[in-house]
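Thanks for coming, everyone. Let me walk you through this structure piece by piece. Please look at the model first.

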Amino acid sequence: MERGKKIVRTSIIGIIANVVLSLGKAAVGLISGSIAIVLDAVNNLSDALSSGITVVGTKLAAKKPDKKHPYGYGRIEYISAMIIAVIILYAGITSLEESIKKIISPTAVNYEIITISIIAAAIVVKIFLGIYFQKVGKSVGSDSLIASGKDALLDSIISATTLVAALIFTLSKGKLSIEAWLGAAISLLIIKSGIEIMIHTISEIVGERLDAATAKAIKGTIESFPEVYGAYDLILHSYGPEVTIGSVHIEVPDYMVAHEIDLLEHRISEKVYLEHKVIITGISIYSKNTKNDGNQAIFAKIREMVMARDYVLQMHGFYIDESEKTIHFDVVIDFAAPDREKVYREILKEVSEEFSDYSVTVTLDSDISD
């Protein structure tokens, strides 16, 4: 709840500031006849709209889970960020269109001291908003606020270039006017910003690789239990910045019984949530051989064979059942491999031939987390 309040409060500050800036710039832009200042005013108005969308998105994302959406509505924030990207793109494209018209058919511009003063003040305000938005956005994990912060800092650059154009025009006594060309350059920067935000948001919606530091930290927490020999295949699903659900495989000694494993899983789930705010809903078990020293020699030989191959990142979940004469293990093969299935088949063939007395099963794992 506190997170939502921070986002809404920050967004409202942005709305008020951008509306005031937009009105001021629109007035001086129309009076001076500067297309660059008018486009800057339109851009500020789109920023105010973006902040409004962030407020609405945050409110909707905060809705409690229900039967239809048991994981909550947190992913609505991704949609908010996408809408903001579309607004920025639209503002950039329309601005570029108007700038090109002014390049083809130039109009007289008249800069006054008040015009230059308002532009200078806008630069300071936008720098403050950009830093403030990004700081709050990172602290609460809001992509929409971070996007708005980046856009505000870009706006400060746009306003600064507009100020430079005004000063050049004034100092040259009206002989050198670059503001239409500057408007086109500004438009391209706005379009670039919109595309970058859209690509980033689409990537998050599709599903990105888990951050390496986060993966290692969570696995470290799991492996801190003395009964756990290793943690593998960590998968996390994000349902918004405040709800992350996942699963993991753990390797435990083969002498543990059901009630001991059950207790261990509860302890792991509790510790991971307390330390990382991640809900572990599924913990699968790999059994580790502990009773036959001969099995360790076989494990070492197979590991040497497997890890000698290109593109093999990891081997885990190794277990030998002497009574059934079976060997099984998992291999993680790099996505960069030209043919992952081929590498897998070669491993299975080589190990099966080397240990023909056993039935060998190999599971191909994806490189989903570090």
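Start with an open sheet of 3 strands, in the order E4-E5-E6, with mixed pairing. Two strands pair here if DSSP finds at least two bridges between them. Helices (H or I, at least four residues) and strands (E, at least two) are DSSP runs, numbered from the N terminus. Strand E4 (312-321) and strand E6 (359-366) are the edges; each has a single partner strand, so one side of each has no neighbour in the sheet. The twist averages 15 degrees from one strand to the next.

A word on the source. This is a predicted model, where local features need pLDDT of at least 70, side-chain atom pairs count only at pLDDT 80 or more, and totals for chains, interfaces and linings use all residues. Residues are numbered from 1 along each chain as its sequence is written, and side-chain values use heavy atoms, with hydrogens and water left out.

Back to the sheet. E4 and strand E5 (residues 326-333) pair in the antiparallel sense over 7 bridges. Which residue in E5 is the bridge partner of Gln 314? That partner is Val 332.

Now the helices on this sheet. Helix H9 (residues 293-307) lies across E4 and E5, at about 155 degrees to E4. Helix H10 (residues 340-354) also packs on the sheet, touching E4, E5 and E6, and its direction makes about 155 degrees with that of E6. Contact means heavy atoms within 4.5 Å. Axes are lines fitted to C-alpha atoms, for helices over the stretch in contact, and angles run from 0 to 180 degrees between N-to-C directions.

How do H9 and H10 pack, and at what angle? The angle is about 150 degrees, with the axes 10 Å apart. H9 and H10 are therefore roughly antiparallel to each other. The cut-offs: angles under 35 degrees count as roughly parallel, over 145 as roughly antiparallel, 65 to 115 as roughly perpendicular, and the rest as oblique. The crossing of H9 and H10 is right-handed. For handedness, a crossing is left-handed if the near helix is turned anticlockwise from the far one by less than a right angle, and right-handed if clockwise. On the H9 side, Lys 301, Ile 302, Met 305 and Val 306 meet Ile 347, Glu 350, Val 351 and Glu 354 in H10. By class, that contact has 5 nonpolar, no polar and 3 charged residues. Ala, Val, Leu, Ile, Met, Phe, Trp, Tyr, Cys and Pro count as nonpolar; Asp, Glu, Lys and Arg count as charged; the others, Gly among them, count as polar.

Next, the other sheet. This one is open too, with 3 strands in the order E1-E2-E3 and mixed pairing. Its edge strands are strand E1 (230-238) and strand E3 (279-288), each pairing on one side only. The twist averages 15 degrees from one strand to the next. Strand E2 (residues 244-253) and E3 run parallel, joined by 9 bridges. Ile 250 stands opposite Ile 285 in E3. Helix H7 (residues 212-223) packs on this sheet, touching E1 and E2, and its direction makes about 130 degrees with that of E1.

Last, the helix pairs around H3. Helix H3 (residues 76-104) and helix H5 (residues 143-171) pack at about 25 degrees, with axes 8 Å apart. H3 and H5 are therefore roughly parallel. Contact residues include Tyr 78 and Ile 84 of H3, and Ser 148 and Asp 151 of H5. By class, the contact has 4 nonpolar, 3 polar and 3 charged residues.

H3 also meets helix H6 (residues 179-206): their axes come within 7 Å and cross at roughly 160 degrees. That makes H3 roughly antiparallel to H6. The contact of H3 with H6 has 22 nonpolar, 8 polar and 2 charged residues. The crossing of H3 and H6 is left-handed. After H6 comes Gly 207, with a positive phi near 115 degrees.
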